[in-house]
Amino acid sequence: MNEAREPSTPRTLGSLGQVGPLSFGCWRLTGSDSANSRVISAAIDTGMNLVDNADVYGLDWGGTHFGACEEALGRVLAAMPGLRNKIVLATKGGIIPGVPYDSSSRYLIKACEASLSRLGVDHVDLYQIHRPDHYAHPQEIATAFESLRSRGLVREFGVSNYTPSQISALNSFMEQGLVSVQPQFSANHLDPMRDGTFDLCQESSLTPLAWSPLAGGALATGVGIRSELIAILDDLAIRESVTRSAVAIAFVLAHPAQPVAIIGTQNVTRIGELSRSTKISLSRTDLYNIIQASDGGPLP
Ligand SMILES: NC(=O)c1ccc[n+]([C@@H]2O[C@H](COP(=O)([O-])OP(=O)(O)OC[C@H]3O[C@@H](n4cnc5c(N)ncnc54)[C@H](OP(=O)(O)O)[C@@H]3O)[C@@H](O)[C@H]2O)c1
């Protein structure tokens, strides 16, 4: 049985070994190459050694095209020799705007090869299906994964936005199981705690990678968030002498499924502020106060 762990405890990703509790996300990696290098260096220096990308990133947030954020990360990797070996490199595929999802074996293999080419690497450490394709049999997906693994193009696999039963179905066809799932999770979005995702993670040694841990920035700005949730986060921020955002990230890290929080900021100063979340220990009362404020009412 897992003992209670500090939020700073490294997380294990199968054969990839350990990653930090905070990860750097590339959805908004649409700055200049020098700005991108600065923010990625800052993230790595603070222990965010898992770098999460996707082929579809670059279509919004000032990006220009499908694949643009993988290309941008590829340029950073090319300009900083040695960086590739310091990171656990993750990307995703399976979304095609207009289709919108394809997890057929043929497409996944082609998509993964294209990601490697844009990133300028011979393999990625973690390849994830971005969203479930209801028309792909899990056995077909598992076959594609094993082919990519046997060719040395991918070391481990994960899924994103899958239901617990979709995760189990795919896992049952894999020789070497999935190592991660990537659900949306934050103080403002509690579903994985309640829909079985985190239970399955604990049962099957899957590491949850929490996307939008600040609700896309809304928990930082307060826009569209219940005032009682902002108030409790602010109280804890004063008590801990950190920012409200750092408390919100500490909430994500506190679950015993040991989520990794994929941080989305592209701001070096905020990277430093958010890294303080790994030093905050929230009590059960703190955590349930956040949950009740998020729900907008008391638990029974
Ligand atoms: N699998 C999926 O379907 C999926 C979906 C969405 C995201 N993701 C992954 O999750 C990662 C993170 O998502 P996210 O970008 O939505 O994460 P987030 O950390 O919840 O939000 C980051 C956004 O909040 C803004 N922000 C405003 N004030 C901030 C403050 N005080 N501190 C920190 N950020 C502040 C940031 O702007 P500044 O840059 O100006 O700080 C940035 O635009 C993505 O990069 C991607 O890797 C996955």
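Contact here means heavy atoms within 4.5 Å. This is a predicted model, in which local features need pLDDT of at least 70 and side-chain atom pairs count only at pLDDT 80 or more, while totals for chains, interfaces and linings use all residues. Residues are numbered from 1 along each chain as its sequence is written, and side-chain values use heavy atoms, with hydrogens and water left out.

**P138**
- Leaving aside neighbours within four places in sequence, P138 is in contact with A169, L170 and F173.
- P138 is found in helix α5, residues 138-150 (helices are DSSP runs of H or I with at least four residues, strands are E runs with at least two, and both are numbered from the N terminus).

**Helices α2 and α4**
- Helix α2 (residues 68-79) packs with helix α4 (residues 105-119) at an angle of about 45°, and their axes are 7 Å apart (axes are lines fitted to C-alpha atoms, for helices over the stretch in contact, and angles run from 0 to 180 degrees between N-to-C directions).
- That angle makes α2 oblique to α4, because angles under 35 degrees count as roughly parallel, over 145 as roughly antiparallel, 65 to 115 as roughly perpendicular and the rest as oblique.
- On α2 the contact is made by E70, E71, L73, G74 and L77, and on α4 by S115, R118 and L119.
- These contact residues divide into three nonpolar, two polar and three charged (Ala, Val, Leu, Ile, Met, Phe, Trp, Tyr, Cys and Pro count as nonpolar, Asp, Glu, Lys and Arg as charged, and the others, Gly among them, as polar).

**Ligand site**
- The ligand is surrounded by 28 residues, of which the closest are R28, D52, S212, T265 and R270 (a residue is near if one of its heavy atoms lies within 4 Å).
- The shell divides into ten nonpolar, 13 polar and five charged residues.
- A polar side-chain atom of R28 lies 2.5 Å from a ligand oxygen atom.
- A side-chain N or O atom of H130 is 3.4 Å from an oxygen atom of the ligand.
- For Q266, a backbone N or O atom lies 2.9 Å from an oxygen atom of the ligand.

**Backbone features**
- V99 and P100 are joined by a cis peptide bond with omega about 5°, and P100 is in the loop between β5 (88-93) and α4.
- W61, a residue other than glycine, has a positive phi near 55° and is placed in the loop between β4 (50-52) and α2.

Note on methods
A polar contact is a pair of N or O atoms within 3.5 Å; within protein, one must be able to donate a hydrogen and the other to accept it, and residues adjacent in sequence count only if both atoms are side-chain atoms.
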